[in-house]
Amino acid sequence: MNDNKLILQIQRGNRRCADELVERYYSSIFRYCSWHCYNTDRAEDLTQETFLRVFRDIYMYEQKGSFKAYLYTIAHHLCIDENRKHIISGLDQDLPMEDGRLQQVEDREQIKHLLKLLTPVQKEVILLHCGEQLSFREIAQILGIPPRTAQSRFRAAITILRKERG
């Protein structure tokens, strides 16, 4: 069942569809929140808060654009709020380096160094496109920028990362 059909069923009170929606996206949202948090417990809290907010407002949700982008938008705003409170302690995930594919970077210090070279928006575009496989249209919806701007920020970030990696 696609997202829109699941949401309609949830709006009609079908709890099993709510469970299916959570199961479909929980690990992706958790991974996204983990990239922005200082520890996994906090990432878990933000992931749960994302879904609480989705279900709190599910009856007002209108199917404009991608539900996935809507979900990531909520997580994105929660992560921004969290980062205002705490300094990010690290990122233990893969970094995109070539053609939108993730490559393993073993050295955590190198990951931190490379990410510091990017603007916050470039970093978000990289994480959302490469890490979460969101389209530029979905990224644009999440960040509130035009799709072409998302693409250009992605290209600029990749150029910076390639140049630095030599």
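**Core and helix packing in a predicted model**

The largest nonpolar core here has 44 residues, with I29 and F67 making the most contacts inside it. A nonpolar core is a set of buried Ala, Val, Leu, Ile, Met, Phe, Trp, Tyr and Cys residues joined through side-chain atoms within 4.5 Å; buried means under 20% relative accessible area (1.4 Å probe, protein chains only). This is a predicted model, where local features need pLDDT of at least 70, side-chain atom pairs count only at pLDDT 80 or more, and totals for chains, interfaces and linings use all residues. Numbering starts from 1 along each chain as its sequence is written, and side-chain values use heavy atoms, leaving out hydrogens and water.

**Around I29**
- Leaving aside neighbours within four places in sequence, I29 touches T47, T50, F51, L71, Y72 and A75 (contact means heavy atoms within 4.5 Å).

**α7 and α8**
- Helix α7 (residues 136–143) packs on helix α8 (residues 147–165) at about 105°, axes 8 Å apart.
- That angle makes α7 roughly perpendicular to α8 (the term covers 65 to 115 degrees).
- On the α7 side the contact uses F136, R137, I139 and A140, and on the α8 side P147, A150, Q151 and F154.
- F136, E138, I139, A140 and I142 are the buried residues of α7.
- Just after α7, G144 has a positive phi of about 70°.

**Confidence**
- The protein averages a pLDDT of 82 (the predictor's confidence in each residue, from 0 to 100).
- Residues 86–106 sit below 50 in pLDDT.

Note on methods: Axes fitted to C-alpha atoms, helices over the stretch in contact; angles between N-to-C directions. Helix = DSSP H or I, 4+ residues; strand = E, 2+ residues; numbered from the N terminus. Parallel < 35°, antiparallel > 145°, perpendicular 65-115°, else oblique. Buried < 20%, exposed > 50% of the residue type's maximum accessible area, 1.4 Å probe, protein only.
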